[in-house]
Amino acid sequence: VEPEYNSELGQNVAAIAQESVGKPYAHGGEGPDDFDTTGFIAYCFRESGVSAPRALSAQFEYGAPVAKDALKPGDVVFFSQENPGEAEYVGIYIGEGKFIAVSSSKNAVTERDLSSSYYSERYVGARRYPQK
């Protein structure tokens, strides 16, 4: 069963994520001027009036799981990096197969393609956060 979707919230979170593209990476950054990976997620939701966890493990457990083929803007997507199957990297889905995440290697918030071989091989799941 697909979790309930709040279109206004999802679109707002996705828009905030898109407005942040190009902002710099900084360890511990929680916005609005710089971000780390999990601070970016917490910021986008906080700016939309929703309190989301800051820690990656808590972000992966928060909300309700959503199937990859049911992703909608504002859903939070998770990827492994070094440990297959473990959530180690996170981004915000914005629609049309794209997500936005903080890249420490590019030192900035960037738009990524969910279907690229790198991310499709490392995808571990997605969550839809409740409106609170």
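Colleague: How many aromatic pairs does the count come to?

Modeller: The count comes to 12 aromatic pairs. Rings of Phe, Tyr and Trp (its six-membered ring) pair if their centres lie within 6.5 Å; planes under 30 degrees apart are stacked, over 60 edge-to-face, and the rest tilted. One of the pairs is Phe 60 with Phe 78, edge-to-face at 4.9 Å centre to centre and 75° between the planes.

Colleague: Where in the chain do Phe 60 and Phe 78 sit?

Modeller: Phe 60 is in helix H3 (residues 56-61) and Phe 78 in strand S2 (residues 76-79). They are 18 residues apart, so the pair links distant parts of the chain. Helices (H or I, at least four residues) and strands (E, at least two) are DSSP runs, numbered from the N terminus.

Colleague: Is Phe 78 buried or exposed?

Modeller: Phe 78 is buried, at 0% relative accessible area. Phe 60 is partly exposed, at 27%. Buried means under 20% relative accessible area, exposed over 50%, partly exposed in between, with a 1.4 Å probe and protein chains only.

Colleague: Before I go on, what are the ground rules here?

Modeller: This is a predicted model: local features need pLDDT of at least 70, side-chain atom pairs count only at pLDDT 80 or more, and totals for chains, interfaces and linings use all residues. Residues are numbered from 1 along each chain as its sequence is written, and side-chain values use heavy atoms, with hydrogens and water left out.

Colleague: Fine. Which residues form the aromatic cluster?

Modeller: Phe 79, Tyr 89, Phe 99, Tyr 118, Tyr 119 and Tyr 123 form one cluster.

Colleague: And which charged end sits over the ring of Tyr 118?

Modeller: That of Arg 122, 3.7 Å from the ring centre. Lys 72 lies over the face of Tyr 5, at 5.6 Å from the ring centre. The rule: NZ of Lys or CZ of Arg within 6 Å of the ring centre and within 35 degrees of the ring normal.

Colleague: New topic, backbone. Where is the cis peptide bond?

Modeller: It joins Gly 31 and Pro 32, with omega about 0°. Pro 32 is in the loop between helix H1 (7-19) and helix H2 (37-46).

Colleague: What about phi of Glu 96?

Modeller: Phi is near 55° there, a positive value in a residue other than glycine. Glu 96 lies in the loop between strand S3 (89-95) and strand S4 (98-103). Glu 96 is exposed, at 80% relative accessible area. Asn 107 has a positive phi too, near 60°. Asn 107 is in the loop between S4 and strand S5 (108-113), and is partly exposed at 46%.

Colleague: Back to H2. Why is H2 called largely enclosed?

Modeller: Because eight of its 10 residues are buried. Among them are Phe 40, Tyr 43 and Phe 45. The buried residues of H2 pack against H1, H3, S2, S3, S4 and S5.

Colleague: What is Ala 42 in contact with?

Modeller: Leaving aside neighbours within four places in sequence, Ala 42 is in contact (heavy atoms within 4.5 Å) with Ala 52, Pro 53, Arg 54 and Gln 59. Ala 42 is buried, at 7%.

Colleague: Last one. How far is Arg 112 from the nearest side chain of opposite charge?

Modeller: That side chain is Glu 111, 9.3 Å away. Arg 112 is buried yet has no salt bridge. A salt bridge needs a side-chain nitrogen of Lys or Arg within 4 Å of a carboxyl oxygen of Asp or Glu. On charge, Lys and Arg count as positive and Asp and Glu as negative; His and the chain ends are not counted. Arg 112 lies in strand S5. Beyond four places in sequence, its contacts include Tyr 89, Phe 99 and Tyr 119.
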